[in-house]
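Let's take a look at the pockets of this protein. Here is the structure to follow along with.

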Amino acid sequence: MKILAQTHRMPHDRVEHEYEAIKRSGHEYVSYGYKTGRHGITLTGIDDIYPDELCYARCSTQLLTSNIMGYYPESFKQSIDYDENTFKVNSAPESECNINITPGCYRVLRLIECLDRQNIVDTFYKPNNDRKLIDGVIVRAGSTLRESINVDVSKFLQAEFIVSTNILNIREEVRCYVVNRKVITASLYRRNNKYDITLLSDNELSEYIEVAQMYVDNYYAPSDNFTIDVCTTIDGLYRIVEYNALNSSGLYNCDTRLLFDALEIYMMEKQ
C-alpha cells in the first residue's frame, strides 16, 4: 500500500517527520500537493499512481471535506474516514471520563457569545468540531478569549465552541490509533505540559491501549478509524482529551508498521 502524504501547506518539520515515520512502516511514501479552484481542489504529484492502486491518504483537516476534482486513485477518497458531525466534541455522551464534556462543567456557545466574555474562573475553550479553527486554550480568570488568542476569528464567529471549567492537572497525554475500532498502537505526545514523544515502556503502552480500547468499546467511537487522546492526571486518573480523524492526526512516535499494516488489511477487506 502506498501512503500519500500531503506536503502542500504543511510545516517543514512535520513533512520530515511524516517521511521518516512512513518509511519506518515499510510502506511506500508518495508526496502530493493540491491546487485550489472555484469548485474544489485538484491533487498534484500523483500522475504516476494507477487508478486502482491501494493508497492511504494522509491529509490536512481542510482536505477532509473538500470537493476533490480531477484525477486521483479511487482508494484516496475511500481511505478518508471522517464525518464532521460524529467528530464534534458533544456528539459523545456527557461523562466524567471526557474532560471537555463532564456534566455540569461545560457549555456549548457560539464564538461570538464568548469571545469578549470575562471569565470568573479559569476556563478552557475549544472548537466543537475538529477543523482546527484555533487550538484549545485556557483563559485565566479575569481575562477574555479575545485577549488570549492571536488569530483573526472574524470569519467563524458563528462557530460552536466547547466552554469548560473542568481544568485538570494533567501529567501526560497519549495518542491512541484505532483501526476498525481496535486500538493498534499509541504514542506519548505531551508530558508536564511540554511536547514529548519519548517511547513509552511496554507496560505503559499496554495500559494505555487497554484503557483506550475500553473507551472505544463502552463509551464512544466516532467512526471505524480515528485517534483517541487519553491523559493521566497527577492523581493517576485516566481521562479522554479528544477524538481526531486518523487521516490528519500526527504520527508522533507510534509503531507505524502496525498502524499502516492494519489499515491495509481494513481497506482490502472493504473493497
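## The second largest pocket

By class, eight nonpolar, four polar and two charged residues line the second largest pocket. Here Ala, Val, Leu, Ile, Met, Phe, Trp, Tyr, Cys and Pro count as nonpolar, Asp, Glu, Lys and Arg as charged, and the others, Gly among them, as polar. A pocket is an open set of points on a 1 Å grid over the protein atoms alone, where a 1.4 Å probe fits, with protein on both sides within 12 Å along at least five of seven lines; lining residues have an atom within 4 Å of a point.

Of its 14 lining residues, Ala186, Leu199, Leu200, Leu205 and Asn253 sit nearest the centre. Strand 11 and helix 6 (202–218) each give two or more residues to this lining, and strand 11 has the largest share, with four.

## How to read the model

This is a predicted model: local features need pLDDT of at least 70, side-chain atom pairs count only at pLDDT 80 or more, and totals for chains, interfaces and linings use all residues. Residues are numbered from 1 along each chain as its sequence is written, and side-chain values use heavy atoms, with hydrogens and water left out.

## The largest pocket

The largest pocket holds about 1500 Å³ of space. Its lining has 47 residues, and Lys132, Asp135, Gly136, Arg190 and Glu242 are the closest to its centre.

Strand 14 gives the largest share of this lining, four residues; strands are DSSP runs of E, at least two residues, and helices are runs of H or I, at least four, numbered from the N terminus. By class, the lining splits into 19 nonpolar, 15 polar and 13 charged residues.

Methods:
Grid points are joined across faces, edges and corners, and a volume is the space filled by probe spheres set on the points.
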